[in-house]
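Work through the exercises below with the sequence and structure in view. Each task is followed by a solution in steps.

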Amino acid sequence: MADDIHNNSKFKRKALQVNVAQSMISQYISVGETEMVTLQESHGRTLAQEISAPHPYPHFRRSGMDGYAIRSADTEGCSNDQSIWLQVIDEIPCGTVSDKTIIPGTAARIMTGAQVPEGADAVVMFEMTEIREDEGGSVVGLKRYIEIGKNLTPIGLELQAGELILSPGITISAGEISVLATFGIHHVAVYRRPRVAIFSTGSELLSVDEPLQPGKIRNSNTYMLASQVIEAGGEPVILDAIMDDLSLAREKVEEALHAYDMVVTSGGVSVGDFDIMGDLVRGDSVEMLYNKIAMRPGSVTTAAVKDGKLLFALSGNPGACFVGCELFVRPSIRGMMGDQKPYLTEWSGILGADYSKVNNFTRYVRGKTEIREGVVYAMPSGIDESGVMITIKDSDCLIVVPPGQQGMKSGDKVQMLMLR
Ligand SMILES: Nc1nc2c(c(=O)[nH]1)N[C@H]1C(S)=C(S)[C@@H](COP(=O)(O)OP(=O)(O)OC[C@H]3O[C@@H](n4cnc5c(N)ncnc54)[C@H](O)[C@@H]3O)O[C@H]1N2
Ligand code: MOO
Ligand SMILES: [Mg+2]
């Protein structure tokens with residue numbers, strides 16, 4: 001009997017390497033729909049259009065200082081002992097265009113950001129000038145040679161008309177918003193946030209507002225996952241947790257796959273008697289992609305597909321659930337929004353303390369980075385068992401500990417997947 005049970009397909013799982021599983025998933029990812037949002041709403045969204053400069057920037061010759069617009073040639077040969085005096089023929093505040101032309105012997109008072117008048121080829125700042133009134137008006141005195149182009153920003157210094165500035169797939173933040181505003185792009189096409197249904201499975205789960213009961217715990221994974229989905233750019237849809245009941249789970253998964261872009265569950269993917277999500281993906285309601293990954297925590301991370309939509313059945317253990325979401329759910333969300341680099345950024349650095357735990361699988365150890373004299377160190381964040389929740393909050397990276405017979409030593413070079 002025991003042998004029969006242990007020959008059961010749920011125990012025979014083929015462990016895929018993380019990158020193999022990730023590329024398998026990527027075949028089911030296609031960029032989603034786009035929507036128009038206002039410039040103000042676009043922060044944090046993923047751009048879905050190409051932005052080229054509709055005009056050069058700046059689009060007029062701009063003064064970089066408060067001072068006088070002059071002709072450089074007029075200042076040739078002047079010195080401390082030999083001032084030159086120029087007739088001031090106009091005053092140009094920002095936003096106005098002078099109708100005067102600067103001819104030899106003349107200058108215009110000009111403010112920072114104003115259009116430099118015709119004929120002028122340089123601006124001299126107030127501090128380098130002296131002013132005198134004579135019967136014809138003001139004259140400005142200079143004691144130094146001012147080269148052509150001084151304090152004058154030429155047309156198109158930053159961008160020429162037609163230049164490609166932003167490509168689809170980038171995340172919009174302050175710098176990109178500044179570009180969009182500059183070019184008058186007040187509505188912008190972004191990828192719609194994928195709507196990700198999340199529900200936990202487990203007869204031990206209480207909702208967060210319920211008092212504790214013996215043997216039961218509050219459902220933290222649902223909220224943790226929702227937060228991870230937001231960080232990835234998706235829109236979480238929290239569904240009620242369910243008991244460990246296979247037919248209920250099947251019904252719920254089907255409904256959620258139909259209504260949302262992706263479904264993420266937590267719990268019930270191992271080999272326990274009530275691990276219903278494991279049974280579900282092996283059944284014929286969905287097509288299982290994998291149910292074991294050569295990693296820890298999260299070795300039982302499972303994925304399936306139905307009608308082109310992905311179901312991620314993550315481990316119930318909070319640490320494993322967290323890692324499974326970062327390595328598989330996050331890149332799927334990012335990929336649906338056209339991100340060309342959807343995976344966590346990899347850094348290399350130095351391990352800051354010994355790490356002795358060994359495994360046949362790659363370990364993703366919760367860690368905190370520190371910069372010491374310009375070098376990145378990664379410190380393991382205390383206990384990182386897959387069932388431990390508390391150190392997730394103390395981590396800004398996952399330290400990648402390759403499989404092997406001995407652990408790693410303080411001072412060893414390590415790779416880190418950055419969480420923030
Ligand atoms: N005989 C074996 N037992 C286990 C194995 C194994 O290979 N052979 N693998 C272990 C590993 S590794 C992991 S990881 C877990 C995976 O368990 P499940 O994904 O089946 O998750 P559950 O059994 O439902 O729960 C595990 C643990 O997590 C708690 N949990 C569940 N849901 C939530 C939630 N929403 N919020 C907070 N905590 C949750 C649950 O109460 C359990 O304590 O299996 C090992 N066993
Ligand atoms: O699958 Mo468990 O999370 O490896 O530790
Ligand atoms: Mg279980």
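**Exercise 1.** How many residues surround ligand 1, and which are the closest?

Solution. The model is a predicted one.
Step 1: count the shell; ligand 1 is surrounded by 27 residues.
Step 2: pick out the closest, which are Ser 200, Asn 221, Gly 267, Ser 270 and Gly 316.
Step 3: look for elements that supply two or more residues to this shell; they are helix 4 (221-232) and helix 7 (318-336).
Step 4: sort the shell around ligand 1 by class, which gives 17 polar, eight nonpolar and two charged residues.

**Exercise 2.** List the residues around ligand 2 and sort them by class.

Solution. Step 1: the list holds Arg 296, Pro 297, Gly 298, Ser 299, Val 300, Ser 315, Asn 317, Ala 320 and Ser 386.
Step 2: in this shell around ligand 2, five residues are polar, three nonpolar and one charged.

**Exercise 3.** Describe how helix 2 and helix 7 cross.

Solution. Step 1: helix 2 spans residues 18-26, and its axis comes within 10 Å of that of helix 7.
Step 2: the two axes cross at roughly 35°, and the crossing is right-handed.
Step 3: helix 2 makes the contact with Val 18, Ala 21, Gln 22, Ile 25 and Ser 26, while helix 7 uses Leu 327, Phe 328, Pro 331, Ser 332 and Gly 335.
Step 4: by class, the contact of helix 2 with helix 7 has six nonpolar residues, four polar and no charged.

**Exercise 4.** Where does UniProt place the feature "domain: MoaB/Mog"?

Solution. Step 1: the unreviewed UniProt entry puts this feature at residues 197-335.
Step 2: residues 197-335 are 37% helix and 24% strand, with end C-alpha atoms 17 Å apart.

Note on methods:
Residues numbered from 1 in each chain as written. Chains lettered and ligands numbered in written order. Predicted model: local features only at pLDDT ≥ 70, side-chain atom pairs only at ≥ 80, totals over all residues. UniProt positions renumbered as here; feature names shortened; annotations may be inferred. Helix = DSSP H or I, 4+ residues; strand = E, 2+ residues; numbered from the N terminus. Near = placed C-beta within 6 Å. Nonpolar A, V, L, I, M, F, W, Y, C, P; charged D, E, K, R; others polar. Axes fitted to C-alpha atoms, helices over the stretch in contact; angles between N-to-C directions. Left-handed = near helix turned anticlockwise from the far one by under 90°. Contact = placed C-beta atoms within 7 Å.
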